[in-house]
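Here is a quick tour of a protein model for someone meeting it now. Have a look at the sequence and the fold, then read on.

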Amino acid sequence: MAKLFEPAKVGDIAVKNRIVMAPLTRNRSPGAIPNDLNVEYYRQRATAGLIITEATAITHQGQGYADVPGLYSTEALDGWKRVTDAVHAAGGRIVVQMWHVGRISHTTLQPDGGKPVSSTNRVAKAKTYLVNADGSGSFADTSEPRALETAEIPGIIEDYRKAARAAIYAGFDGVEIHGANGYLLDQFIRDGVNDRTDQYGGSIENRTRLTFEVVDAVVREIGAGRTAIRISPVTPSGESYDSNPQATFTRVVEGLARYGLAYIHVIEGQTGGERDYKQGDNPSFDYKALRQAYEKAGGKASWMVNNGYDRDLAIDAAESGRADLVAFGKPFIANPDLVERLAKNLPLNTPDQSTFYGGTAKGYLDYPTLEKVA
């Protein structure tokens, strides 16, 4: 049996294989509350070694897309408790991806129609997903943000702390801090977005400060062994850009090495796109060197890789020791029993992209398993 299918310890979380269900926004939680559809969707996929939920807003202000779940209301936590109970009953492990979208939002999704917040007041040339009056969904340009005042930042950190505690209350095995894909923490990290002149802008040390303060707060609240983080060094998602991503993200992982985190989740290349995507004034990125820098700094968290992995690439990554865990996104949408299909090297269902965002059980709960095919 290939190492990919062997059990492992991921921080404080014991997993039955090294195949991870990546976070996948599906826009099927009206009112930011997980419901019956969500319970069954995650239960179906509990054979994954670890499930990472769709990105889940830590506050109303952190919301950026219609009908995505939250961690900030009693009703949402009750809904998530039903999800975690179902996954655990099926023998799975599940963590929640904690999300603050920053400027990738729209005024109609914000408290009292306010501006989204960010490291900057510049608009991202990006889209968000809204639900129209007739119930249909469509993509719209993001709204103009406002730069957070320095005095507001401790409140943002406190929001992450509260959300982490809420996640444990809701039965999650841990949390993944979303520091990737052009969302709030990434907006502070990258010099192409962060134009601040206070202690959170300018140097790499300043731009990474908020990320470390958030990790500090979450680790103190729930423990390092149940805390993880996701980064995307070169992805242009959300119009994110850095002039020297190798130096920037080397600093990020070196700083993370002082925590005994469960895992570091690294998106290689362009999220959902080219694995060899390059960015920066010197367009090259060495992921092997990134991990070496992390380990040289004393980091011992499991190393998770993501983006465009198929069976052969995933097995090679695990066998070679290049990765401890491999995350799959779209294949899990169409294949609830992806682990079994990969283990037996059987064909995969093809996902229906027209049903990715919003809608009903169609394209969400109705993909056939091997058992149903037989």
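Predicted model: local features only at pLDDT ≥ 70, side-chain atom pairs only at ≥ 80, totals over all residues.

Residues are numbered from 1 along each chain as its sequence is written, and side-chain values use heavy atoms, with hydrogens and water left out.

**Overall shape**

The protein chain has 12 helices and 14 strands; these are DSSP runs (helices H or I, at least four residues; strands E, at least two), numbered from the N terminus. Its radius of gyration is 19 Å, close to the 21 Å that the globule rule gives for 374 residues, so the chain is as compact as a globular protein of that length. That radius is taken over C-alpha atoms, and the rule is 2.2 Å times the number of residues to the power 0.38. Along the principal axes, the C-alpha atoms fill a box of roughly 60 × 55 × 35 Å.

Buried residues make up 57% of the 374. Buried means under 20% relative accessible area, exposed over 50%, and partly exposed in between (1.4 Å probe, protein chains only). Of the contacts (heavy atoms within 4.5 Å) with a separation of 6 or more, 73% are between residues 24 or more positions apart.

**Two pockets**

A pocket here is an open set of points on a 1 Å grid over the protein atoms alone, where a 1.4 Å probe fits, with protein on both sides within 12 Å along at least five of seven lines; lining residues have an atom within 4 Å of a point. Points are joined across faces, edges and corners, and a volume is the space filled by probe spheres set on them.

| Pocket | Volume | Largest share of the lining |
| Largest | About 1,200 Å³ | α10, three residues |

By class, the lining has 20 nonpolar, 17 polar and five charged residues. Ala, Val, Leu, Ile, Met, Phe, Trp, Tyr, Cys and Pro count as nonpolar, Asp, Glu, Lys and Arg as charged, and the others, Gly among them, as polar.

The second largest pocket is lined by 12 residues, with Glu 40, Arg 43, Gln 44, Pro 336 and Thr 369 closest to its centre. α1 (36-44) and α12 (370-373) each supply at least two of the lining residues.

**Inside the fold**

In soluble globular proteins, nonpolar side chains tend to be buried together. A nonpolar core is a set of buried Ala, Val, Leu, Ile, Met, Phe, Trp, Tyr and Cys residues joined through side-chain atoms within 4.5 Å. The largest one has 87 residues, and Met 98, Tyr 160 and Ile 264 touch the most other members. Apart from it lies another core, of 15 residues, including Ile 13 and Ala 22.

Most residues other than glycine have a negative phi. Asp 67, however, has a positive phi near 60°; this residue lies in the loop between β4 (50-57) and α2 (74-89). Phi of Asn 307 is positive too, near 115°, and Asn 307 is buried, with a relative accessible area of 5%.
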